[in-house]
Amino acid sequence: MIIGIDLGTTNSLAAVWREGRAELVPNALGEVLTPSCVSLDGDGSVLVGRAARERLQTHPELSAALFKRYMGSQKTLRLGRREFRPEELSALILKSLKADAEALLGEPVTEAVITVPAYFSDAQRKATRAAGQMAGLKVERLLNEPTAAALAYGMHHRGAETRFLVFDLGGGTFDVSILELFEGVMEVRASAGDNFLGGEDFVQALVEQFMQRRNLPDRLRKDAGFMQRLAAAAEGAKRTLSVQAGATMRVHVGDEEQVLEIDEALLEQACAPLLKRLRAPVERALRDANLRSSQLDNIVLAGGATRMPLVRKLVTTMFGRFPAVDLNPDEVVALGAAVQAGLKARDAALDEVVMTDVAPYSLGVGVSVRLDEQAVSSGHFDPLIERNSPVPISRVKTYVPMQDRQSEIELQIYQGEARMVRDNIHLGTLSIALPRLPISECAVDVRFTYDVNGLLEVEAMVQKTQARETLVIEGNPGLLTEAQIAEKLQSLAELKIHPRDRMDNRTQLARAERLYEQCRGEQREWLGAQILRFERLLATQDDRAIAPGRREFESMLDQLERHTMLDGAPR
Ligand code: AMP
């Protein structure tokens, strides 16, 4: 069975294509959003999702979040005594979603379509693919997130709309894509975005407001626990402001409670620089697609952060009309991934839709330009594949060496839009030996092939001798070899995963521990006694008593969170 997965910065979701429609997969808690968080429990077992998110505050040294931002880099994250690469942490999320889907379907899940931001680089895509492999999933396809969103809408309104702009603002990334559905072919016309802009930045903006308006000293920034509580309060306020006009941020500094009332005007002021940054990628995508905003048929919102009224207002003024909101913006990407999974499985209901995608950035080589007989200017970027070309694509260009009898050409491969290679991203180096002949006889054909998964292959061929260097791009820092992936798969398989059927109990306990840290005085003492009581109930292993006990414990925690002077706000 093949499933669709939205592997998000803050939350991940799985969906399946069943009986002619895309259906979200509930996790062990019955929820469709699984926080992209991993934590090691006291007994060394792995917790994924909400329980892990709760532990970010109580056990930051054993917990990790936001690791999607480091995919494709060499950064590792430490959980207790163990170092994890971002691919491994992502693999643990994928494993958990796989288990959820297997529980729903009652059959093994072996393949997946996984979505990635359109702006993900070659290294980030490869890392995502490796994460899938480490989770024991064959990655059928990496699908760009906005493409998935449009695909979900394309199914939804079949035949009605033709040109979509997908405005996807997630936890950590912003993507804009313009897509066209024409006679059953979904084509991406342009994509643009910002890899470092998302809902979390709005939270940071509120954190800054709080620090400034309450005149808090800079040394508090080093207090990880305090900063986490403040961020939780900011996140709560941001969400509250999506449903009502005002919110309160409360955080204790020592014994003193600091409070900040936030209304829409303050939020707008705090977030003005972020709102401004949302405009540029929209304008660039429209320019690349050669379209005016009035020529779009539908504006599709995706990503949890587009729930913010502030963002919706900006979209409405930018386009002079209301965006489509029939599908939940948190869910639309996963639903689209399931549609793609259905396409892969060749479901008859989907026969008429074909996908094409574009290369999100230009790809090329570094070249030297001869200025005159003596002077040469080096380090220029020569693109072979232009940004927004439909993929798969293959392009050849011919290059000659700078000198007679040169023994080799070293091709430096880059991605980016800048004129000089120093301002672009270096992807790798390919060397090819030359036959030591005059320049005119040493022409080399360089072929770039970019496939539907956004993976690049480079090949160089000396015309005269037909000698070929087919290439695997070298030196992509931070990428794992197949052997290393297999090794990680093994070591992850050896980790003890917290039993799925007990996740509910574990999540409520983790939540209670977080609340305990946020409470004070008598309330804290009382909560401590409740936790102990629940732990004793769990120790009885009497499932008939545990289920109602947990519900009681949970509603007590709900009440506590709603009605007390806790730091932070409801989540
Ligand atoms: P995603 O990566 O699509 O799951 O988006 C997650 C981001 O959406 C996070 O930054 C959340 O804070 C934000 N988000 C989710 N729900 C809401 C809401 N109701 N109001 C404002 N932001 C939200």
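**Around the ligand.** I began with the ligand in this predicted model, and I found 15 residues around it, of which Gly 171, Glu 235, Lys 238, Ser 242 and Ala 305 come nearest. Sorting the shell by kind, I counted 2 nonpolar, 8 polar and 5 charged residues. I then asked which helices each supply at least two residues of the shell. They are helix H5, residues 199–213, and helix H6, residues 224–240, and H6 gives the largest share, with 3 residues.

**Polar atoms at the ligand.** One runs to an N or O atom in the side chain of Glu 235, at 2.5 Å. Another runs to a polar backbone atom of Ala 305, at 2.9 Å, and a polar side-chain atom of Thr 10 lies 3.1 Å from a ligand oxygen. As for cover, the ligand taken alone exposes 510 Å², and the protein buries 89% of that.

**Ala 270.** I next went to helix H7, residues 264–289, where Ala 270 lies. Is Ala 270 buried or exposed? I noted a relative accessible area of 12%, which is under the 20% cut-off, and therefore Ala 270 is buried. Leaving aside the neighbours within four places in sequence, Ala 270 is in contact with Ala 205 and Gln 209. I also looked up Phe 202, which is 68 residues from Ala 270 in sequence, while the two C-alpha atoms are 8.3 Å apart in space.

**Domains.** For the protein chain, the domain assignment gives domain 1 as 199–272, domain 2 as 363–474 and domain 3 as 500–564. I looked up the separation of domain 1 and domain 2, and their centres, taken over C-alpha atoms, are 50 Å apart.

**Thr 449.** My next entry is on strand E25, residues 444–450, which holds Thr 449. With a relative accessible area of 31%, Thr 449 is partly exposed, because that value falls between the cut-offs of 20% and 50%. Beyond the neighbours within four places in sequence, I listed its contacts as Ile 393, Ser 394, Leu 455, Leu 456 and Glu 457. With Ser 394 there is also a polar contact, side chain to side chain, at 3.2 Å. Ile 385 is 64 residues away from Thr 449 in sequence, yet the C-alpha atoms of the two are 8.6 Å apart in space.

**Lys 98.** I turned to helix H2, residues 86–105, to look up Lys 98. Its relative accessibility is 16%, so Lys 98 counts as buried. What does the side chain of Lys 98 reach? I found the backbone oxygen of Val 109 at 3.5 Å. Val 109 is also among the residues in contact with Lys 98 once neighbours within four places in sequence are left aside, and the others are Ala 135, Gly 136 and Leu 137.

**Helix H1.** I checked how helix H1, residues 50–58, sits in the model, and 8 of its 9 residues are buried, so the helix is largely enclosed by the rest of the structure. The buried residues are Arg 50, Ala 51, Ala 52, Glu 54, Arg 55, Leu 56, Gln 57 and Thr 58. Against what do these buried residues pack? I noted strands E4 (34–35), E5 (37–40), E6 (46–48) and E7 (63–65), together with H6 and helix H11 (503–518).

**Backbone angles.** The peptide bond from Val 391 to Pro 392 is cis, with omega near 0 degrees, and Pro 392 is in the loop between strand E21 (390–391) and strand E22 (393–399). Leu 66 has a positive phi, near 55 degrees; it is found in the loop between E7 and strand E8 (77–79) and counts as partly exposed at 28% relative accessibility. Asn 215 has a positive phi as well, near 50 degrees.

Notes. Residues are numbered from 1 along each chain as its sequence is written. This is a predicted model: local features need pLDDT of at least 70, side-chain atom pairs count only at pLDDT 80 or more; totals for chains, interfaces and linings use all residues. Side-chain values use heavy atoms; hydrogens and water are left out. A residue is near a molecule or strand if one of its heavy atoms lies within 4 Å of it. A polar contact is a pair of N or O atoms within 3.5 Å; within protein, one must be able to donate a hydrogen and the other to accept it, and residues adjacent in sequence count only if both atoms are side-chain atoms. Accessible areas come from the Shrake-Rupley method with a 1.4 Å probe; for residues, only the protein chains shown count as cover. Helices (H or I, at least four residues) and strands (E, at least two) are DSSP runs, numbered from the N terminus. Ala, Val, Leu, Ile, Met, Phe, Trp, Tyr, Cys and Pro count as nonpolar, Asp, Glu, Lys and Arg as charged, and the others, Gly among them, as polar. Buried means under 20% relative accessible area, exposed over 50%, partly exposed in between (1.4 Å probe, protein chains only). Contact means heavy atoms within 4.5 Å. Domain bounds come from an automatic or database domain assignment.
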